[in-house]
Amino acid sequence: MNRRVVITGMGIWSCIGTDVQSVKDSLYKGKSGIVLQPERLEYGYRSGLTGFVEKPVITKQMLDRHIRAGMSEEAQFAYMASRQAFEQAGISDNYLKNNEVGCIFGNDSSAKPVIEAAQIMDEKHDTAMLGYGIVFQSMNSTVNMNLSTIFHLRGVNFTISAACASGSHSIGLGYMMIKQGLQDMVLCGGAQETNYYAMASFDALSAFSVRMDEPTKASRPFDRDRDGLIPSGGAAALILEDYDHAVARGANILCELVGYGFSSNGGGISEPSDEGSVIAMSRAMKDAGLVADDIDYINAHATSTLQGDMYEAKALNRLFNGKRALISSTKSMTGHECWMAGASEIVYSIIMMQNNFVAPNINFENPDEYSEKLNLTSKTVDMEVNTILSNSFGFGGTNSALIIKQII
């Protein structure tokens, strides 16, 4: 089978907004969500910069205490985003109880409950003190197990752990499931915890920007003076659906997902690769039946690291030098949302597509020898956006590329 795959709902909980409208406003205005948190410095971080993500208020009217006890921070973010996505898609609780819907989410850590459990054991020496919910909070599959329980999801159900490409691969696999006729509808997305326990090991690699005097200017993808990424998080959720199934139920179709490409670099565990990036992008375009000249906009992975941005710039130049596609990295505003980034950047891309603009690569002031050749925009551009390529790359050499199009 080779069915068409469309997106009929989306939800977002991020440092630049906790609903589609507020995120749209931030993207259009080039508004950063990066702040300085002194408690990170007190804990021992080199950098106190982070994307500030509002903590969800989940009441007993929304979920009972028993369920809430098993929800990690990232599961809470994912729940809020998924509620929005199902609502926009017109999917009721009754529909979910009577139809098979799958769930594939990207998540690659759940640090806070693991550390808190160890602290309790060190102090109390009694497993009974850990309580009921911590086991469900601490597993990597915490997001999927919570969402599938809360929303009565009875289709495919597993977690993608693929570093910073996790959210993108989750969408790609949902797309393949539907395309091949194995599912009619899948909830896909990515979630990332934002507590300071989660990112200490990244800070130890000197991966974070230390431009703490100007937090909103610290994330500067492709800029010559970039000095590292800024950790961020939240959750993004998308409803993927078979086109005919969506039409039959009268759904409002947001866009069509037409291409998924992937590769692995096969090199060092933290080494990026222009060749691996090119393979993933080329495979996505081949899957979509498109060529470079067909792409209107590229939401680059670029995280504001020296090596990562350089290799992606080299890859983009190999495929798009002299082509018309505009390029920017929304991480300039959000920081690096890690496990959720591949999913949130599809949400950001759909928002741009629906509202006819390209969001800016803020803080891009001085190009380097690689980025100076790119068709980068540092300002918001009002234009029709019909076809978008979104890149996601991660530790271990995992690469993912997705292509979405206006529905025809």
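Residues are numbered from 1 along each chain as its sequence is written, and side-chain values use heavy atoms, leaving out hydrogens and water. Because the model is predicted, local features need pLDDT of at least 70 and side-chain atom pairs count only at pLDDT 80 or more, while totals for chains, interfaces and linings use all residues. Helices (H or I, at least four residues) and strands (E, at least two) are DSSP runs, numbered from the N terminus.

**Helix pairs**

- Two packed helices are described by the angle between their axes and the distance between the axes. Axes are lines fitted to C-alpha atoms, for helices over the stretch in contact, and angles run from 0 to 180 degrees between N-to-C directions.
- Angles under 35 degrees count as roughly parallel, over 145 as roughly antiparallel, 65 to 115 as roughly perpendicular and the rest as oblique.
- Helix H12 (residues 274-288) packs against helix H13 (residues 306-320) at about 45°, and their axes are 8 Å apart. H12 is therefore oblique to H13.
- On the H12 side, the residues in contact (heavy atoms within 4.5 Å) are Asp-274, Glu-275, Ser-277, Val-278, Met-281, Ser-282 and Met-285. On the H13 side they are Tyr-311, Lys-314, Ala-315, Leu-316, Arg-318, Leu-319 and Phe-320.
- The residues of this contact of H12 with H13 comprise eight nonpolar, two polar and four charged (Ala, Val, Leu, Ile, Met, Phe, Trp, Tyr, Cys and Pro count as nonpolar, Asp, Glu, Lys and Arg as charged, and the others, Gly among them, as polar).
- H1 and helix H15 (residues 341-355) pack at an angle of about 80°, with 10 Å between their axes. This angle is why H1 and H15 are roughly perpendicular to each other.
- H1 contributes Val-20, Val-23, Lys-24 and Leu-27 to the contact, and H15 contributes Tyr-348, Ile-351 and Asn-355. In the contact of H1 with H15, five residues are nonpolar, one is polar and one is charged.
- Helix H9 (residues 166-179) also packs with H15: the axes come within 4 Å and cross at roughly 70°. H9 and H15 are therefore roughly perpendicular to each other.
- Gly-167, Ser-168 and Ile-171 of H9 meet Gly-342, Ala-343 and Ile-346 of H15. The contact of H9 with H15 holds three nonpolar, three polar and no charged residues.

**Buried residues in loops**

- Ser-14 sits in the loop between strand S1 (5-13) and helix H1 (20-29). Ser-14 has a relative accessible area of 2%, so it is buried (buried means under 20% relative accessible area, exposed over 50%, partly exposed in between, with a 1.4 Å probe and protein chains only).
- The side chains of Ser-14 and Tyr-348 are joined by a polar contact of 3.4 Å (a pair of N or O atoms within 3.5 Å; within protein, one must be able to donate a hydrogen and the other to accept it, and residues adjacent in sequence count only if both atoms are side-chain atoms). The Ser-14 side chain also reaches the backbone nitrogen of Ile-16, at 3.2 Å.
- Leaving aside neighbours within four places in sequence, Ser-14 has contacts including Val-23, Val-53, Gly-233 and Tyr-348.
- Thr-377 lies in the loop between strand S11 (357-358) and strand S12 (381-382), and Thr-377 is buried at a relative accessible area of 8%.
- A polar atom of the Thr-377 side chain is 2.5 Å from the backbone oxygen of Lys-379.
- Not counting residues up to four places away in sequence, Thr-377 touches residues including Leu-326, Ile-327, Ser-328 and Val-358.

**A buried strand residue**

- Ile-403 belongs to strand S14 (residues 398-405). Its relative accessible area is 0%, so Ile-403 is buried.
- Ile-403 and Ile-295 are 108 residues apart in sequence, and their C-alpha atoms are 8.8 Å apart in space.
- Beyond neighbours within four places in sequence, Ile-403 is in contact with residues including Ala-284, Met-285, Ala-288 and Ile-295.

- Cys-338 has a phi near 50°, a positive value in a residue other than glycine. Cys-338 lies in the loop between helix H14 (331-334) and H15 and is buried, at 1% relative accessibility.
- Asn-356 is not a glycine either, and its phi is positive at about 55°. Asn-356 is in the loop between H15 and S11 and is partly exposed, with a relative accessible area of 37%.
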